[in-house]
Amino acid sequence: MSTLEIKDLHVSIATEQGVKPILKGVSLTINTGETHAIMGPNGSGKSTLASTIAGHPRYTVDSGSITLDGEDVLAMTVDQRARAGLFLAMQYPVEIPGVTMTNFLRTAKTAIDGEAPKLRTWTKDVKAAMAQLRIEPEFAERNVNEGFSGGEKKRHEILQLELLKPKFAILDETDSGLDVDALKVVSEGVNRAIEDGGLGTMLITHYTRILRYIKPDFVHVFVDGNIAEQGGPELADRLEDEGYDRYLADAPATV
Amino acid sequence: MTELTEEKVIDTPVSEEHDGKVWSQGFIKGMTEEGEKLSDLNPESGPLGGSAVKAHSHGDSHGGGVGVPDSSRAGRLTSYKLADFPLITGREEDWRFTPLKRLRGLDRVGVKGQELNGPAPVVAVTKPDAVTVETVGRGDARIGSAGIPEDRVAAAAWEHFAEATVVTLPAEYQGTADDVTTLTLTGAGDTPAASHIVVHAKKFATGVVVLDHRGTAVLSENVEVLVEDGANLTVVSIQDWNDDAVHASGQHISVGRDAKVKHVVINLGGNLLRTTPSARYTGPGGEVEMYGLYFADAGQHLEQRLFVDHSTKNCKSRVTYKGALQGDGAHAVWIGDVLIRKEAEGTDTYEMNRNLILTQGARADSVPNLEIETGMIEGAGHASATGRFDDEQLFYLQSRGIQEDVARRLVVRGFLNEVIQHIKVPALEERMRDAVERELAAGAL
């Protein structure tokens with residue numbers, strides 16, 4: 001079993017108006033095999049947490065720690081984190097002109113595993129994974145995310161999740177912008193990765209809708225850069241009924 | 001790439017500039033209103049149309065350009081005589097991007113004793129038996145059969161070259177991509193020099209000719225490519241000079257009836273390279289593919305200006321130029337002029353330029369121009385986009401475990417490979433891939 005441990009994490013970004021603190025002391029522990037839903041209103045810091053774990057240069061960690069089985073994640077480069085077993089499914093996947101999906105997937109797999117995948121089984125694995133995610137075969141020869149629709153991009157994020165087999169997957173609003181059919185396809189993919197065993201999942205979402213398809217073990221509610229409440233799946237049901245107003249009313253008046 | 005796109009309907013003429021910005025333009029469909037007369041300008045009279053058309057105050061050495069408004073690309077002066085061209089000030093449309101001070105006098109031949117009499121590059125030849133390569137004097141009848149200078153620098157070279165190299169593919173010769181004729185042109189030093197090359201594919205000949213420029217030179221060159229009816233010729237011009245070289249190359253392509261030409265420009269090494277290919281059709285059914293690949297490093301100025309002159313019916317042209325830029329002061333210029341004259345019904349043309357800026361301090365100018373004087377065409381369009389390899393792309397690739405240097409290579413290789421794979425000459429493709437690796441390594445990426 002592996003453990004991703006976040007302790008008292010303070011994160012800020014530089015803006016034109018000066019340094020702006022976003023995360024204000026987040027602590028969270030995820031073990032492989034567990035699925036944690038991170039919920040909260042816009043601007044509460046959910047995506048910042050995801051990007052910080054992956055190592056996006058825009059975010060500055062002011063204090064606190066992130067460790068993976070005791071190893072200091074914050075000391076690692078972005079690619080080292082991925083090779084250590086972290087995977088971020090991005091909210092807005094980036095287009096990479098000139099690089100085909102096939103080339104990209106093989107290069108990433110080689111980097112993660114430290115050796116090139118065996119050609120015959122790899123090709124078969126890619127084809128099978130694409131078929132399960134209802135991705136047309138011609139996408140293999142298209143450039144990474146170039147001209148993909150929002151739903152196609154999200155499916156390709158999950159394709160990478162299934163092929164790269166990380167220890168921990170952080171899904172940053174993977175459900176946003178998906179219609180119900182696409183949401184089901186994507187959720188099935190995540191569930192396959194979870195059922196394969198050994199995946200710890202951090203499921204970041206604004207809505208409860210995806211939680212009908214991916215069952216969380218724990219739910220954490222983010223408000224203003226902190227975890228305001230946590231509990232089991234029942235907390236998600238309550239959020240579905242009540243929304244986030246309750247937490248926002250508790251926050252200091254900002255008028 | 002950070003890319004914006006913008007769709008436009010093209011009027012006559014279009015000229016846009018893009019400074020590290022992004023821009024693309026779509027295909028023009030339709031425009032087939034029966035009988036519509038869009039313009040009486042530019043009646044069919046090629047620049048080689050002869051003195052009858054051009055007999056005018058400039059004397060009888062002229063080709064096109066007389067009596068046509070300056071706003072049209074067809075109005076550009078063409079002449080074999082240096083004296084016909086005014087001095088270059090740098091404000092002219094076709095010189096405004098070129099750093100004249102770095103031309104080492106090529107622009108000022110005949111002014112204040114500036115000469116153009118240095119030794120021409122040394123020519124070494126490898127070729128199949130059937131192809132002939134000759135060195136001929138200025139009086140050879142084949143000189144002038146495919147081209148005419150379109151600027152002062154090219155006219156100076158035309159007046160000053162001592163002898164020309166003529167490559168001939170005999171009629172119905174069947175060359176292959178492995179059976180290539182290569183002229184290795186090694187610069188003979190930094191005294192300004194002129195040179196002249198004629199590549200002649202006779203009727204129904206098929207083959208590949210490579211011009212491989214190396215060494216150090218300050219050179220003004222004219223290359224005439226004469227492609228007779230039904231021939232299928234590939235010409236690859238590689239500029240892989242030493243860092244200090246200056247090279248202006250006017251490449252004039254004459255495309256016969258039902259002939260096919262693939263013209264490839266590869267600009268890698270040199271301080272200032274200005275390559276100006278132009279294609280003209282002498283009969284219907286001709287097809288031209290023009291590819292370009294350039295990699296501008298710190299301080300390099302790589303300029304590519306092309307012109308496709310559709311003056312006859314049912315001809316086709318495709319232009320694809322791609323370049324990568326890295327380092328302080330790296331500058332690439334791409335100008336793509338396409339003119340569809342009134343007579344050129346059934347024309348099918350598309351041109352595209354893409355730039356990938358890898359570091360701060362590099363600049364790409366990309367200007368596609370399309371003039372259309374008839375609505376009776378198959379299609380006409382152009383696209384230009386300049387993108388930056390940005391932090392978000394790098395982050396995305398790294399977040400999949402790919403190291404930074406590998407990520408950059410992956411992107412640049414992929415970007416340029418689109419052009420490389422069209423060369424279809426295995427030995428050259430290999431060399432170009434190596435060259436790209438070398439450029440990347442030199443840029444310490």
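1. A definition to start with: a residue counts as buried if 20 or more other C-beta atoms lie within 10 Å of its own, and as exposed if 12 or fewer do. Please keep in mind throughout that this is a predicted model.

2. Let us look at α5 of chain B with that definition in hand. The residues of α5(B) that are buried are B:Leu428, B:Met432, B:Ala435, B:Val436 and B:Glu439. Seen down the axis of α5(B), these buried residues fall within an arc of 100°, so they line one face of the helix. On the other side of α5(B) you will find the exposed residues B:Pro426, B:Glu430, B:Asp434 and B:Ala441.

3. What lies over the buried residues of α5(B)? The cover includes the strands β6 (206-227), β7 (232-240), β9 (260-269) and β11 (287-296) of chain B, and also the helix α4 (404-423) of chain B.

4. Helix α5 of chain B runs over residues 426-442, which is 17 residues, and at 1.5 Å a residue it should span 24 Å. The C-alpha atoms at its ends are 24 Å apart, which agrees with that expectation.

5. Stepping back to chain B as a whole, there are five helices and 17 strands. Of its 445 residues, 53% are buried. Among the contacts in chain B with a separation of 6 or more, 82% are accounted for by residues 24 or more positions apart.

6. One residue that may interest you is B:Ala155, which sits in helix α2 (residues 152-160) of chain B. Is B:Ala155 buried or exposed? B:Ala155 counts as buried, because it has 26 C-beta neighbours inside 10 Å, against the cut-off of 20 or more.

7. Leaving out residues up to four places away in sequence, B:Ala155 touches B:Ser79, B:Tyr80, B:Lys81, B:Leu82, B:Phe85 and B:Pro149. B:Asn222 is 67 residues from B:Ala155 in sequence, while their C-alpha atoms are 8.8 Å apart in space.

8. Finally, the contact between the chains. It takes 21 residues from chain A and 20 residues from chain B. On the side of chain A that touches chain B, at least two residues each come from α2 (78-84), β7 (96-100), α3 (101-113) and α5 (150-164) of chain A. The largest share of that side is the five residues from α3(A). By class, the side of chain A that touches chain B has 14 nonpolar residues, five polar ones and two charged ones.

Definitions and conventions. Residues are numbered from 1 along each chain as its sequence is written. Chains are lettered from A and ligands numbered from 1 in the order in which they are written. This is a predicted model: local features need pLDDT of at least 70, side-chain atom pairs count only at pLDDT 80 or more; totals for chains, interfaces and linings use all residues. Two residues are in contact if their C-beta atoms, placed from the backbone, lie within 7 Å. Helices (H or I, at least four residues) and strands (E, at least two) are DSSP runs, numbered from the N terminus. Ala, Val, Leu, Ile, Met, Phe, Trp, Tyr, Cys and Pro count as nonpolar, Asp, Glu, Lys and Arg as charged, and the others, Gly among them, as polar. The expected span of a helix is 1.5 Å times one less than its number of residues. The arc is that of the directions from the helix axis to the C-beta atoms.
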